[in-house]
Amino acid sequence: ALPILRMVHLRAHIAIAETGTFTEAAKRLGITGPALHRAARELEKILRRNLYRPGTNGIGVNALGEALARHMRLALHELTQAWGEVHRSRGSGSTHIAIGTLPLMPKRWVASAIARLRAVHPEARVELREEGYSALLHDLRWGAVDLILGALPPEDGEADVAREPLLVDPYVLVVRNGHPLTKVVSHTREMLTKYDWVVPSQNLPRRAALERFFATLPLRPRIWLDTNSPGTMMAVLAETDCISIISRTQLLLDGPTNLSTLSIEVPDGGRTIGMTQRSD
């Protein structure tokens, strides 16, 4: 007779998929290698499918095994949430929500939302994780986060995620207080080409908007610094006569007081702030 599918099979398979090898999975679970192998092989027998393959660092999951692990991880996450709801219906237990935020998400927005949540659900426990969109999207699909807050990518994405726009946050051009351009009443596009620029990294939506803006200038300005760190960008702006781009809301809520905006608008310059969740 085939063995019964048990929690040990699920936890073993998820650990193998997340760590990459049987050896690392056994270490994470605190069990012996033979015990992990036994659970993994029993799972293959139960499902009558091959789930593992040898790799450069050891035995890991194949494509089917990875898809299965993701669904298992989500199922366990849903069961945990359901168990919490049962306890809360009886007047005990707490709410847990894991939120992924992008690095440029205004921190005061997030803090305000959490404060309002706490007022309604004082027992709630919030977990915040700040990473890039690709990493957070992986965590969302695996159930490690419940939603992502931040700038939505331009593409629609896959069918397994749902994106809800919340607002459009326009970009503005910024310089330090006392910059020569702050003494000019009316700015021209030609003026912008006479100064060096601090620009976002190539993989950020702001860079794409800035490149479209550069195409409208009479001469492409010199890029002096390329960075994915908003803090570094603002610090450099405060110490130099460089120009950069930032969202208006981020400047107002999280930006330093030693930066000024220029009067020239960035055409097609805005990021859509929204929420990304699993579509189901």
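## Working through a predicted model

At 9% relative accessibility, T21 counts as buried. Keep in mind that this is a predicted model. Let's work through some exercises, starting with that threonine.

**Exercise 1. Find where T21 sits in the chain, and say what its side chain reaches and which residues T21 touches.**

*Solution.* Step one is the location: T21 is in the loop that runs between helix 1 (7-19) and helix 2. Step two is the side chain, which gets to the backbone nitrogen of E24 at 3.2 Å. Step three is the surroundings. Leaving out residues up to four places away in sequence, T21 is in touch with I16, N57, G58 and I59.

**Exercise 2. Work out how helix 1 and helix 2 are arranged relative to each other, and which residues make the contact.**

*Solution.* Two packed helices are described by the angle between their axes and the distance between the axes. Here, helix 1 and helix 2 pack at about 120°, and their axes are 8 Å apart. Angles over 145 degrees would count as roughly antiparallel and 65 to 115 as roughly perpendicular, so helix 1 and helix 2 come out as oblique to each other. The crossing of helix 1 and helix 2 is right-handed. On the helix 1 side, the contact is made by R11, A12, A15, I16, E18 and T19, and helix 2 brings F22, E24, A25, R28 and L29.

**Exercise 3. Count the aromatic pairs, then classify each one and place its rings in the chain.**

*Solution.* A pair of aromatic rings is described by the distance of the centres and the angle of the planes. With ring centres required to lie within 6.5 Å, the count is two aromatic pairs.

- Take F22 and Y52: their ring centres are 5.1 Å apart and the planes are at 80°, so this pair is edge-to-face. F22 belongs to helix 2 (residues 22-29) and Y52 to strand 1 (residues 52-54), so the pair ties together parts that are 30 residues apart in sequence. F22 is buried, at a relative accessible area of 4%, and Y52 is buried too, at 10%.
- Now W197 and F214: this aromatic pair is edge-to-face, at 5.1 Å centre to centre with 90° between the planes. W197 is in strand 7 (residues 197-200) and F214 in helix 8 (residues 205-214), so to speak distant parts of the chain, 17 residues apart. W197 has 0% relative accessibility and counts as buried; F214, at 3%, also counts as buried.

**Exercise 4. Describe the backbone of R48, place R48 in the chain, and decide: buried or exposed?**

*Solution.* R48 is not a glycine, yet its phi is positive, about 60°. R48 is located in the loop between helix 3 (33-47) and strand 1. As for accessibility, the cut-off for exposed is over 50%, and R48 is exposed, with a relative accessible area of 65%.

How values were computed
Residues are numbered from 1 along each chain as its sequence is written. This is a predicted model: local features need pLDDT of at least 70, side-chain atom pairs count only at pLDDT 80 or more; totals for chains, interfaces and linings use all residues. Side-chain values use heavy atoms; hydrogens and water are left out. Rings of Phe, Tyr and Trp (its six-membered ring) pair if their centres lie within 6.5 Å; planes under 30 degrees apart count as stacked, over 60 as edge-to-face and the rest as tilted. Helices (H or I, at least four residues) and strands (E, at least two) are DSSP runs, numbered from the N terminus. Buried means under 20% relative accessible area, exposed over 50%, partly exposed in between (1.4 Å probe, protein chains only). A polar contact is a pair of N or O atoms within 3.5 Å; within protein, one must be able to donate a hydrogen and the other to accept it, and residues adjacent in sequence count only if both atoms are side-chain atoms. Contact means heavy atoms within 4.5 Å. Axes are lines fitted to C-alpha atoms, for helices over the stretch in contact, and angles run from 0 to 180 degrees between N-to-C directions. Angles under 35 degrees count as roughly parallel, over 145 as roughly antiparallel, 65 to 115 as roughly perpendicular and the rest as oblique. A crossing is left-handed if the near helix is turned anticlockwise from the far one by less than a right angle, and right-handed if clockwise.
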